[in-house]
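Dear colleague,

Please find the structure we discussed below. My notes follow it.

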Amino acid sequence: MRLTSARVLVAVLALVAAVVGPLTALGPAQAAAAAPVGWTVQVGSQASDEAFQGMRFLPGDVTIDAGDTVRWVARSTEIHTVTFFPGGGPQATLPDFNPADMTQLTRQGGSVYDPKTGFNSGLMTTVPTKGDAGPLPPVPHVQSYSLTFPAAGTFTYYCLVHGKMMVGVVHVQPAGTAYPYTQADYNDQARIARAGMAAMGKHLRHDLVRRSTAHRVFMGDDNGAVAVMRFVRRTAVVHRGERVVFRNPGEGAPHTVTFGREPPPPGLFSPSGTPGRYSGGQLNSGIIGPHGSFTVRFTKVGTFHYVCALHDNMGMRGTVVVKR
Ligand SMILES: [Cu+2]
């Protein structure tokens, strides 16, 4: 029986060879199959109103062949980077994001990957270069960034802004190896991950609504994958002489509470004004990091608008109404 099926198989293979042989002998079909392939990875994601920002490379893991190119495409207002460190391996510690360090903010390295050196995309965001991507120096904004990987290996990259929350891997197989996934598969993975993050964002925000009061306003929140870029509650109504505590419950994103004119950086990053007796005009919390808070006592009747100076471009604004 075995012999018979083996014979049938041989016969089938011979037939296939007879049909395919002449075709492959023509050349172009074979050349096309071995041609380098381009792959796309999405950088960040967001809700349509930008209230949630997803802190992921989508997909976080791609497998390509030597000679292929990966193109990273910005998908959010929030800034990110694609950054490989020398050696190309995972990093035990990462440098803090430093908005004054131009090697972090701008492109470093060419378009052909080499694990001996570092590579950096520069600031990736969907916001055009002349738009508002937060209080950063005027550097070019990058909408897409491409690297060709000439040699096999496994290479890890990070977003300098979001650190270990946002890590990706490129597996490079020897040229000609079959791919485990297609770009369509990766796009499906990305779509499912985006839907999951949108659900998480909604849940986080509902939870903030439940925990907030007129005297306790949350400065967004995050869970390591999704950041809520909203003050909750957006309008707080208090009486004259009362306090409002603005609290940053998240682990990741810093925020500010800024009334009146936004001081230009670096003044923006430190507190100014008198939060113990606010009666209008300029008041700035400076950077309120994870688990930080900022308390303001309102001494005048009126309606006072404020922003997060880092995320106002995403709609992170609030109002305090002070009654008698
Ligand atoms: Cu903010």
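Predicted model: local features only at pLDDT ≥ 70, side-chain atom pairs only at ≥ 80, totals over all residues.

Residues are numbered from 1 along each chain as its sequence is written, and side-chain values use heavy atoms, with hydrogens and water left out.

Metal site. The copper ion is coordinated by ND1 of His-255, SG of Cys-308 and ND1 of His-311, at 1.9 to 2.2 Å. Donors are N, O and S atoms within 2.8 Å of the metal (3.2 Å for Na, K and Ca); water is not among the atoms, so sites may look incomplete. Along the chain the donors follow the spacing H-x52-C-x2-H. Strands here are DSSP runs (E, at least two residues), numbered from the N terminus. His-255 is buried at a relative accessible area of 2%, and Cys-308 is buried at 0%. Buried means under 20% relative accessible area, with a 1.4 Å probe and protein chains only.

Strand β10. Of the 7 residues of β10 (residues 216–222), 6 are buried, so the strand is largely enclosed by the rest of the structure. Two strands pair if DSSP finds at least two bridges between them. β10 runs parallel to β13, joined by 3 bridges, and Arg-216 has Val-245 as its bridge partner in β13. With β11 (residues 226–232) β10 runs antiparallel, through 4 bridges; here Phe-218 is partnered by Val-232. β10 and β11 form a hairpin with 3 residues between them, and Gly-224 in the turn has a positive phi of about 90°.

Aromatic rings. The structure holds 23 aromatic pairs. Rings of Phe, Tyr and Trp (its six-membered ring) pair if their centres lie within 6.5 Å; planes under 30 degrees apart count as stacked, over 60 as edge-to-face and the rest as tilted. Phe-259 and Tyr-306 form a tilted pair, 5.1 Å centre to centre with 45° between the planes. Phe-259 lies in β14 and Tyr-306 in β17, so the pair ties together parts that are 47 residues apart in sequence. Both Phe-259 and Tyr-306 are buried.

Regards

Notes
Buried < 20%, exposed > 50% of the residue type's maximum accessible area, 1.4 Å probe, protein only.
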